Amino acid sequence: MNQKTILVTGGSGFIGSNLIRRIINYTDYSVVNIDKLTYSGNPESLIDIEDHPGYTFIQADICDREAVRKVFSMYSPRYIMNLAAESHVDRSIDGPDAFIQTNINGTFILLSEAYDYFKMLSPEDKDLFRFLHVSTDEVYGSLGDTGYFTEETPYDPRSPYSASKASSDHLVNAWYHTYGLPVLITNCSNNYGPYQYPEKLIPVIILNALKHKSIPLYGKGDNIRDWLFVDDHARALLSVLEKGKPGETYNIGGNNEKTNLEIVHAICDLLDEMKPLAGKSYRELITFVTDRPGHDKRYAIDASKIRRELGFSPAYTFETGIRTTVEWYLNNNNWCTAVLSNKYQLERLGKL
C-alpha cells in the first residue's frame, strides 16, 4: 500500500474537483483521479492543479472492471473516495438507464475490486484502508414541515436518481457486513459553490440572470432544502475518511434551510448589487413553471453525529457561501463557456 495515495472516483465533477483541490493544497496526500468525463465532468475544473506532482488523472469508467483493477494494481491506494455518480434528478427522469449503470453497477464493480485488493494487504495495511462512499440525503425521501433526517431515518427514495443512490448505499453496507470491507458512507445535503455544472438550481439562476433570460422556478418556489457550501463538504469528507468508524454513516449538512424562492431572491439581490441592470431588478426575471414530477417537499439534515463524534461543523453561513459563489461565476465566464460548449444550454429537463 502507498499510504499517501487517495483514489478519488468522479474527481472531475463538481464536488470531486473541489475535494481534490483541497487535498492537494492542504494535505500531503497524493491523488489519483478516475473520471469517465461525462457531460458534467470536465478537466477545466482542475486546470490549476493538473501539473502538480501529487496529482494523476486517468480517464476511465468505474463500470470498466479491467480499468479499475489496473488502477488498484498500479497505485496501491490507502483510501478510496467514491464520488463517481450520475446526480441530477431531472436527467434521471428523462433517462434513468445511466443512473442504474453508474450508480449501482459502477459501485458494485468498485466494491468488488476494492475487496480483492483489500484481501491482499498486510494486516497492518488492512487496519488503515478505508472505502468512503459519498451519497445524498435524497435517499431518505421527503420531510413534512418539521423534523430532520438522521442516520437512522428509513430510506424512502422518490426519483430514479435517489433510488439508484439508495441501492448503492445498501451495496456498500452489504460489503461491510458480509465481507468485512472497512467502508464509510456519507449522506449530504444540497451542495453549492464554484465549479458546479450549470444544470443545478443555483448556477442556472445565475447564468440565466446574466443572460437576461427568465429564471425558472418550480411550482410556488416553496420546496425547502438544506444548503452546504462545497468546500465545507470537502473538509467533512476528509474528516470522515481519517477519523470515521468503519461501518458507520455520517450525515453532512450546512445548517441552512431555505426555500427555493429565498435562494432565487438572494441571488437576484446579489446580482443587483454586483452587476446591476439598468432600471430594474433581476427579481423581475423570475418565472414560475410547472413543478417537477415527484418533487420532494423538504429536506433537512440532523448533522449532530458528525459534529459530536468527529468535531466537524460548517465554516460558511449561507450568506457568505452564496456571495462567494456568485462572485466566482461572475469572474469565471470562460469556465462556464467551456463546460457548456455543445452540451447543455440551460434548457429545462425532466418534464414529462
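In this predicted model, His-212 follows helix 7 and has a positive phi, near 60°. Helix 7 itself spans residues 201–210. Eight of its 10 residues are buried, so the helix is largely enclosed by the rest of the structure. The buried residues are Ile-202, Pro-203, Val-204, Ile-205, Ile-206, Leu-207, Asn-208 and Ala-209.

A helix pair was examined next. Helix 1 (residues 14–26) packs with helix 8 (residues 230–243) at an angle of about 65°. Their axes lie 9 Å apart. The crossing of helix 1 and helix 8 is right-handed. Helix 1 contributes Phe-14, Ile-15, Asn-18, Leu-19, Arg-22 and Ile-23 to the contact. Helix 8 contributes Val-230, Asp-231, His-233, Ala-234, Arg-235, Leu-237 and Leu-238. Of the residues in this contact, eight are nonpolar, two are polar and three are charged. In general, an α-helix has 3.6 residues a turn, so residues three or four places apart point the same way.

Pro-96 sits in a loop, between helix 3 (89–94) and helix 4 (97–119). Its relative accessibility is 31%, so Pro-96 counts as partly exposed. The cut-offs for that class are 20% and 50%. Pro-96 and Ser-159 are 63 residues apart in sequence. In space, the distance between Pro-96 and Ser-159 is 9.3 Å, C-alpha to C-alpha.

Definitions and conventions
Residues numbered from 1 in each chain as written. Predicted model: local features only at pLDDT ≥ 70, side-chain atom pairs only at ≥ 80, totals over all residues. Heavy atoms only, no water. Buried < 20%, exposed > 50% of the residue type's maximum accessible area, 1.4 Å probe, protein only. Helix = DSSP H or I, 4+ residues; strand = E, 2+ residues; numbered from the N terminus. Axes fitted to C-alpha atoms, helices over the stretch in contact; angles between N-to-C directions. Left-handed = near helix turned anticlockwise from the far one by under 90°. Contact = heavy atoms within 4.5 Å. Nonpolar A, V, L, I, M, F, W, Y, C, P; charged D, E, K, R; others polar.
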